[in-house]
Amino acid sequence: GTHSWARSAAADGNLVLDRWGQIIVSGYRGVAKYSPLPAELWSRQFPIDPGTCSPDAQGTIFCGGWFTSKDPIDIDGTQIAAQGSFSNILLLRINP
């Protein structure tokens, strides 16, 4: 095959394709979605690493990560309080 395109990111991350061939990248404090061309469709920044993300059949993206802050974190106005003294699991849903 021949080289089609390449993109760079500021940090390591995870990559998955949805059922439409769109590319979902999650990494250091963010999630982004690209078309197969690839053109950026959207990107979101978060106060913590969203972890590994995966889409469902309708295009909703679910992420599982963790955070160590003892203080609550804010995601779009929702306060997420720490439940443990060190590591806390975070489940995140991003609607299409």
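Colleague: Let's start with the cysteines. Are cysteine 53 and cysteine 63 buried or exposed?
Modeller: Both cysteine 53 and cysteine 63 are buried. Keep in mind that this is a predicted model.

Colleague: What joins cysteine 53 to cysteine 63?
Modeller: A disulfide, with an S to S distance of 2.0 Å. It links distant parts of the chain, ten residues apart: cysteine 53 sits in strand 5 and cysteine 63 in strand 6.

Colleague: Which handedness does the link of cysteine 53 and cysteine 63 have?
Modeller: Right-handed, with 105° about the S-S bond.

Colleague: Okay, and how confident is the prediction? What does pLDDT average over the protein chain?
Modeller: The average is 84, and 93% of the residues score at least 70.

Colleague: Where is confidence lowest and where is it highest, by strand?
Modeller: Strand 7 (residues 73–75) is lowest, at a mean of 85, while strand 5 (residues 52–55) is highest, at 92.

Colleague: Switching to charges. How many salt bridges does a search of the whole structure find?
Modeller: Two. In one of them, aspartate 18 pairs with lysine 33, and the closest N and O atoms are 3.2 Å apart. Aspartate 18 is in the loop between strand 1 and strand 2, and lysine 33 is in strand 3, 15 residues away.

Colleague: Why does aspartate 18 count as buried?
Modeller: Because its relative accessibility is 7%, and buried means under 20%. Lysine 33 counts as buried too, because its relative accessibility is also 7%.

Colleague: What about the salt bridge of aspartate 76 and arginine 44: what is the N to O distance?
Modeller: There the distance is 2.6 Å. Aspartate 76 lies in the loop between strand 7 and strand 8 and arginine 44 in strand 4, so the pair ties together parts 32 residues apart in sequence. Aspartate 76 counts as exposed, at 61% relative accessibility, whereas arginine 44 is partly exposed at 26%.

Colleague: Now the core. Which residues touch the most other members of the largest nonpolar core?
Modeller: Val31, Phe46, Ile61, Cys63, Ile75, Leu92 and Ile94, out of 13 residues in that core. Strand 6, strand 7 and strand 9 each supply at least two of its residues.

Colleague: And what is isoleucine 75 in contact with, leaving aside neighbours within four places in sequence?
Modeller: Phe46, Pro47, Leu90 and Leu92.

Colleague: Last one: how do strand 1 and strand 2 run?
Modeller: Antiparallel, joined by five bridges. Leucine 15 has valine 25 as its bridge partner in strand 2. The two strands form a hairpin with five residues between them, and glycine 21 in the turn has a positive phi of about 80°.

Terms used: Residues are numbered from 1 along each chain as its sequence is written. This is a predicted model: local features need pLDDT of at least 70, side-chain atom pairs count only at pLDDT 80 or more; totals for chains, interfaces and linings use all residues. Side-chain values use heavy atoms; hydrogens and water are left out. pLDDT is the predictor's confidence in each residue, from 0 to 100. Helices (H or I, at least four residues) and strands (E, at least two) are DSSP runs, numbered from the N terminus. Two strands pair if DSSP finds at least two bridges between them. A nonpolar core is a set of buried Ala, Val, Leu, Ile, Met, Phe, Trp, Tyr and Cys residues joined through side-chain atoms within 4.5 Å. Buried means under 20% relative accessible area, exposed over 50%, partly exposed in between (1.4 Å probe, protein chains only). Contact means heavy atoms within 4.5 Å. A disulfide is a pair of cysteine sulfur atoms within 2.5 Å. A salt bridge is a side-chain nitrogen of Lys or Arg within 4 Å of a carboxyl oxygen of Asp or Glu.
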